[in-house]
Amino acid sequence: MNRTSIALAACLLAVSAHQAGAQVPPPPALATLPAPAPRAKAPATAPASAEALQEAPEARPRTPEPQVLREVTEDDKIRIEELRVRGQTRKITVQPKVAGMSAYDILPSEPGRDPAQDPKAGQRVWWSLSF
């Protein structure tokens, strides 16, 4: 226990005893309480710089980054951009090259859901406002 928690415990005891109507001695002065023990420094487990990370491969995080794949299919009339994360299609953007037609997205099916049962899968979405 540190000094603050000892003083807090003494105050709580005094308040509860006062409410019960008993005579309570005043809480001890902080100067009379024992000094806290010095804390041991924790060993440094992670290197501080990028160079140290390259030198110590065991210090790198064990979780691999997700595989992100951007695939572009294009011909003279249309351009299709597909974004896949961990093998799952996340975004499909279609950009027609015909004058007057705007780009739109095709909603992929939600991960873990049967595409035949997903009513939004394959629907086109036009974004009217973009920043």
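**A sheet and its salt bridges**

Hello everyone, let me begin with Asp118, which counts as buried at 5% relative accessibility; buried means under 20% relative accessible area, exposed over 50%, and partly exposed in between, with a 1.4 Å probe and protein chains only. Its side chain meets that of Arg113 in a salt bridge (3.9 Å, N to O), and Arg113 is partly exposed at 38%. By salt bridge I mean a side-chain nitrogen of Lys or Arg within 4 Å of a carboxyl oxygen of Asp or Glu.

A word on the source: this is a predicted model, where local features need pLDDT of at least 70 and side-chain atom pairs count only at pLDDT 80 or more, while totals for chains, interfaces and linings use all residues. Residues are numbered from 1 along each chain as its sequence is written, and side-chain values use heavy atoms, leaving out hydrogens and water.

Now the sheet. Five strands form an open, antiparallel sheet in the order β1-β2-β3-β4-β5; strands are DSSP runs of E, at least two residues, numbered from the N terminus, and two of them pair if DSSP finds at least two bridges between them. β1 (68-74) and β5 (124-125) each have a single partner strand, so one side of each is left without a neighbour in the sheet. Seven bridges join β1 to β2 (residues 78-85), and Val72 stands opposite Glu81 in β2.

Back to charges: Glu74 and Lys97 meet in a salt bridge at 2.5 Å, N to O. Glu74 lies in β1 and Lys97 in the loop between β3 and β4, so the pair ties together parts 23 residues apart in sequence. Glu74, Arg79, Glu81 and Lys97 are linked in a network of salt bridges.

Definitions and conventions: Helices (H or I, at least four residues) and strands (E, at least two) are DSSP runs, numbered from the N terminus.
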